[in-house]
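Thanks, everyone. I'll keep this brisk: one model, start to finish. Please have a look at it before I start.

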Amino acid sequence: MLIAQQKRKENIAEYLLYLWQVEDILRACNMDIEQVDRDIIARYDVDDDTRRQMRDWYEGFIIMMRDEHVVERGHMQVCKNVLTRLQDLHVQLLANADRFPDYQADYYRTLPFIVQLRAQQPEENRVGELETCFNALYGVLLLRLQHRDISPGTTQAINQISHFLGLLAAYFRADELEPLFTDNDK
């Protein structure tokens, strides 16, 4: 909860990846709030009120995951909504390339990696470009947590994808502070 709040304010891309990680943590805890309490919440040195808020937050996620039938796999609607908002902004930034040439240039530097990653997936499992980028970052995060080697080619791809999503996240934050587009731009 505390980390999610901070990431939501600072970097929407990191926030989404964090939510995916929370989903997996809850799955690993078998959607058992008592296990989450023992294995996750107990590690934080916080007051009782904050601990209670954290428990409620995790329990809310467990309920959402059950209600949305993503206990075994998939993502909650809140994650899908974040991805949709990012996708909408992505499309707007590309459509207004004259105002955001840095974004378009970074997108085209990233596109070969996206195409390569999508080509590696069976057609029925392919997702959109942004979700492909997030899946790649999350996959490498899991590899690092397992202390597995990451090839130089994968590192190069992840560095570019990370830079691209970082730029998108920066524009997202700027757009939240002061909208980048009017109705005429959409």
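Read along the sequence, the pattern is α-α-α-α-α-α-α-α. That comes to eight helices and zero strands. Keep in mind that this is a predicted model. The C-alpha atoms fill a box of roughly 50 × 40 × 30 Å along the principal axes. There are 186 residues in the protein, and buried residues make up 38% of them. Now the contacts. Take those between residues at least 6 apart in sequence: 68% of them join residues at least 24 apart.

Let's go to helix α5. It runs over residues 77–95. That is 19 residues, reaching 27 Å from first C-alpha to last.

Which residues of α5 are buried? They are C79, V82, L83, L86, L89, H90, Q92 and L93. And what do these buried residues pack against? Four helices: α2, residues 12–28; α6; α7, residues 129–145; and α8, residues 152–177.

Take α6 to begin with. Helix α6 covers residues 101–119. In general, two packed helices are described by the angle between their axes and the distance between the axes. For α5 and α6, the angle is about 110° and the axes are 8 Å apart. The range from 65 to 115 degrees counts as roughly perpendicular, so α5 is roughly perpendicular to α6. The crossing of α5 past α6 is left-handed. Who makes the contact? From α5, H90, L93 and L94; from α6, Y103, Q104 and Y107. By class, that contact has four nonpolar residues, two polar and no charged.

Next, α5 against α8. Here the axes come within 10 Å and cross at roughly 95°. The two helices are therefore roughly perpendicular to each other. On the α5 side, we have R85, L86, L89, H90 and L93. They meet F164, L168, Y171, F172 and E176 in α8. The classes divide into seven nonpolar, one polar and two charged. Notice H90 and L93. Both are buried, both take part in the contact with α6, and both meet α8.

On to α7. Its 17 residues should span 24 Å at 1.5 Å a residue. The end C-alpha atoms are 25 Å apart, which agrees. Its buried residues are L130, T132, C133, F134, A136, L137, Y138 and V140. What covers them? The cover includes α2, α5, α6 and α8. Just after α7 comes H147, with a positive phi of about 55°.

How do α7 and α8 cross? Their axes come within 10 Å, at roughly 125°. The crossing is left-handed. From α7, the contact uses L130, C133, F134, A136, L137 and V140. From α8, it uses T154, I158, I161, S162, F164, L165 and L168. Eleven of these residues are nonpolar, two are polar and none is charged. F164 and L168 of α8 meet α7, and both also meet α5.

T110 sits in helix α6. Is T110 buried or exposed? Its relative accessible area is 0%, so T110 is buried. Leaving out residues up to four places away in sequence, T110 touches Q160, I161 and F164. I161 and F164 are among the α8 residues that meet α7.

The other is T155, in helix α8. T155 has 27% relative accessibility, so it counts as partly exposed. The cut-off for buried is under 20%. Where does T155 lie relative to V140? The two are 15 residues apart in sequence and 8.8 Å apart in space, C-alpha to C-alpha. V140 is one of the buried residues of α7.

α5 and α6 are roughly perpendicular. So are α5 and α8. Thanks; over to you.

Notes. Residues are numbered from 1 along each chain as its sequence is written. This is a predicted model: local features need pLDDT of at least 70, side-chain atom pairs count only at pLDDT 80 or more; totals for chains, interfaces and linings use all residues. Side-chain values use heavy atoms; hydrogens and water are left out. Axes are lines fitted to C-alpha atoms, for helices over the stretch in contact, and angles run from 0 to 180 degrees between N-to-C directions. Angles under 35 degrees count as roughly parallel, over 145 as roughly antiparallel, 65 to 115 as roughly perpendicular and the rest as oblique. A crossing is left-handed if the near helix is turned anticlockwise from the far one by less than a right angle, and right-handed if clockwise. Contact means heavy atoms within 4.5 Å. Ala, Val, Leu, Ile, Met, Phe, Trp, Tyr, Cys and Pro count as nonpolar, Asp, Glu, Lys and Arg as charged, and the others, Gly among them, as polar. The expected span of a helix is 1.5 Å times one less than its number of residues. Buried means under 20% relative accessible area, exposed over 50%, partly exposed in between (1.4 Å probe, protein chains only).
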